[in-house]
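Please read them with the coordinates open.

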Amino acid sequence: MLRRSWGRFRRKVDVTAATVFILAAFAGVGLASVLSSILDREPPIAFEKATVLTPEVPQGGVLDIQYTVVRSRICASTVERYVTDSNGDVHVPATYTVDRHPLIDAYPPEGRETYQRSVTIPLAVSVGRAYYDARFTYVCNILHKLAFPIEVLAPRVYFDIVPAPAQLEPLTPEPG
């Protein structure tokens, strides 16, 4: 019986129709993938709170910030960081370190977490009130990589810049 059914089916379906059917199936899967990539605009991280741990930072010193975030997934990311001093001049910090502390030991990568970021403040900043901004760019799928990444701004934090404690010597002595 199965042989007879298969033979009838094979006579009704030719190679062209089967090829069109298979290509339509692949196109449908591709379209669904593209559509899901287009609709994927949810940021993988949401900032709950930012706390300045060092409210006064000397020129060339280190600003410590503690962030509390809720992570919903892991995606590739880049970050742009800026310090704006009391004159409105924008400076790009050269270095920073990250130390991550989960609120619960063995907590999965998704969920609430807190981490501390230490940012080295440039020597050229003006003394006075300043703020630190960070913009995260996330790439969670191929469409984000090609054209439309997800951007998230960390909460702006304010702090005071005080004069450097001592006159800093140049790294190389001047010829004399």
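Which residues of the largest nonpolar core touch the most other members?

1. Core. The model is a predicted one, and its largest nonpolar core has 24 residues. Phe47, Leu63, Tyr67, Ile121, Tyr132 and Phe159 are the members that touch the most others. Two or more core residues come from each of β1 (45–52), β3 (62–71), β7 (111–120), β8 (128–139), β9 (150–153) and β10. Strand β8 gives the largest share, with five residues.

2. Tyr67. Beyond four places in sequence, Tyr67 contacts residues that include Phe47, Lys49 and Ala50, as well as Glu113, Thr114, Tyr115 and Arg117. Tyr132, Ala154 and Pro155 are also among its contacts.

3. Overall layout. The protein contains three helices and ten strands, in the order α-α-β-β-β-β-β-β-β-β-α-β-β along the sequence. Of its 176 residues, 28% are buried. Among contacts with a separation of 6 or more, 69% join residues 24 or more positions apart. Carbon and sulfur atoms hold 61% of an accessible surface of about 12000 Å².

4. Confidence. Mean pLDDT is 83, and 78% of the residues reach at least 70. Where pLDDT is low, the predicted coordinates should not be read in detail.

5. Salt bridges. The whole structure has six salt bridges. One of them pairs Arg73 with Asp40, with the closest N and O atoms 2.8 Å apart. Arg73 lies in the loop between β3 and β4 (76–84), and Asp40, 33 residues away, in the loop between α2 and β1. Asp40 counts as buried because its relative accessible area of 16% is under 20%, whereas Arg73 is partly exposed at 23%.

6. Two further pairs. Glu48 and Arg112 meet at 2.5 Å, N to O, and link strands β1 and β7 across 64 residues of sequence. Both are partly exposed, Glu48 at 44% and Arg112 at 37%. Asp133 and Arg156 form a salt bridge at 2.9 Å; Asp133 is in strand β8 and Arg156 in the loop between β9 and β10. Asp133 is buried at 17% relative accessibility, while Arg156 is partly exposed at 43%.

7. Val34. This residue sits in helix α2 (residues 15–39) and is partly exposed, with 46% relative accessibility.

Definitions and conventions. Residues are numbered from 1 along each chain as its sequence is written. This is a predicted model: local features need pLDDT of at least 70, side-chain atom pairs count only at pLDDT 80 or more; totals for chains, interfaces and linings use all residues. Side-chain values use heavy atoms; hydrogens and water are left out. pLDDT is the predictor's confidence in each residue, from 0 to 100. A nonpolar core is a set of buried Ala, Val, Leu, Ile, Met, Phe, Trp, Tyr and Cys residues joined through side-chain atoms within 4.5 Å. Buried means under 20% relative accessible area, exposed over 50%, partly exposed in between (1.4 Å probe, protein chains only). Helices (H or I, at least four residues) and strands (E, at least two) are DSSP runs, numbered from the N terminus. Contact means heavy atoms within 4.5 Å. Accessible areas come from the Shrake-Rupley method with a 1.4 Å probe; for residues, only the protein chains shown count as cover. A salt bridge is a side-chain nitrogen of Lys or Arg within 4 Å of a carboxyl oxygen of Asp or Glu.
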